[in-house]
Amino acid sequence: MDRVLITGAGGGIGSALRETLRGIYPVLRVSDRVPLAPARDGEEVDQTDIADMAAVERMVEGVDGIIHLGGISGENSWEKILEGNIIGLYNVFEAARRAGTRRIVMATSNHAVGFYPRAQIIDHRVVPRPDSRYGVSKAFSEALASLYADKHGIGFLCTRIGNFGTRPIDSRRLAIWVSPRDYTQLVRIGLEHPEIRFEIVYGVSGNQRSWYDNSNARRLGYRPQDDSEPDAAQILAAEAGGPKDPIAERYQGGTFCADEYDAPTPPD
Ligand code: 15L
């Protein structure tokens with residue numbers, strides 16, 4: 001990989017990867033729709049709204065690999081999801097195909113499968129159970145990646161990211177937390193592994209409380225170094241006795257499942 005593009009480079013994950021991937025590839029092109037800090041050595045800075053296909057074509061020109069983090073990163077109106085995560089996503093994959101990009105690491109999400117109960121361990125082969133319009137857009141991203149892998153031979157690593165941060169922030173995140181260094185390791189596998197065609201993995205650290213069988217990531221060489229467990233006692237003590245929503249507590253997606261929920265009975 002000579003030139004690697006990060007979309008959504010101004011967000012939390014993008015700005016962290018801008019640091020951890022600095023100097024790993026000869027050129028890191030960082031892009032966002034908002035202005036970014038000026039380019040340093042080995043960087044190119046771009047400003048693109050991914051809903052604009054002509055701009056996306058310029059953004060991907062000459063890149064070997066893409067880390068696609070751009071778009072809407074949580075629940076939102078259908079109009080915003082449609083623009084950022086359906087049309088914007090299509091523009092990035094289609095422009096990458098036209099430009100001959102070889103690899104894409106895709107930020108999908110735990111919310112593509114958020115309606116699986118916490119009592120169930122799931123792997124990369126389960127069918128999507130989105131918990132929000134946002135989760136549906138992430139299931140769409142996995143389907144579009146599958147099409148572009150099968151039909152056009154672009155290699156995709158779809159990372160169902162849990163919760164990215166330096167520390168886990170609550171009890172749900174104890175199961176789905178991913179540290180910056182572990183996510184960086186996964187991204188590098190996505191860009192550098194010689195045999196990736198279409199793979200789904202969970203973007204989580206090696207958490208003892210995980211709801212995921214992440215053996216597919218392990219098979220590809222992922223060896224997470226972090227675990228949320230050292231923070232568990234403090235987080236659980238802080239939450240003890242606090243209000244609990246039964247739907248949020250029952251399913252992996254938490255409040256994404258409970259928001260707007262009005263079914264007469266909870267799903268299995
Ligand atoms: C996500 O997919 C979001 O991008 C992030 O903002 C968090 O909400 C995360 O999931 C989570 O589930 O904690």
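## Two buried tyrosines

Y202 and Y212 are both buried, meaning under 20% relative accessible area, with exposed over 50% and partly exposed in between (1.4 Å probe, protein chains only). This is a predicted model: local features need pLDDT of at least 70, side-chain atom pairs count only at pLDDT 80 or more, and totals for chains, interfaces and linings use all residues. Residues are numbered from 1 along each chain as its sequence is written, and side-chain values use heavy atoms, leaving out hydrogens and water.

## Aromatic pairs

A pair of aromatic rings is described by the distance of the centres and the angle of the planes. Rings of Phe, Tyr and Trp (its six-membered ring) pair if their centres lie within 6.5 Å; planes under 30 degrees apart count as stacked, over 60 as edge-to-face and the rest as tilted. The structure holds six such pairs. One of them joins Y134 and F256: it is tilted, with 6.1 Å centre to centre and 45° between the planes. Y134 lies in helix α4 (residues 133–152) and F256 in helix α10 (residues 255–258), 122 residues apart. Helices (H or I, at least four residues) and strands (E, at least two) are DSSP runs, numbered from the N terminus. Y134 and F256 are buried.

The ring centres of Y202 and Y212 are 4.1 Å apart and their planes are at 10°, so this pair is stacked. Y202 is in strand β9 (residues 198–203), and Y212 is in the loop between β9 and α7 (215–219). F93, Y148 and F156 form one aromatic cluster.

## The sheet

Which strands form the open sheet, and in what order? Seven strands do, in the order β3-β2-β1-β4-β5-β6-β9, and the pairing is parallel. Two strands pair if DSSP finds at least two bridges between them. β3 (43–47) and β9 stand at the edges with a single partner strand each, so one side of each has no neighbour in the sheet.

Strand β1 (residues 3–7) pairs with strand β4 (residues 65–68) over four bridges, in the parallel sense. Here V4 stands opposite G65 in β4. Helix α4 packs on the sheet and touches β5 (103–109), β6 (155–161) and β9. Contact means heavy atoms within 4.5 Å.

## Cysteines

C158 is buried, at a relative accessible area of 0%. C257 also counts as buried, at 2% relative accessibility.

How values were computed: Axes are lines fitted to C-alpha atoms, for helices over the stretch in contact, and angles run from 0 to 180 degrees between N-to-C directions.
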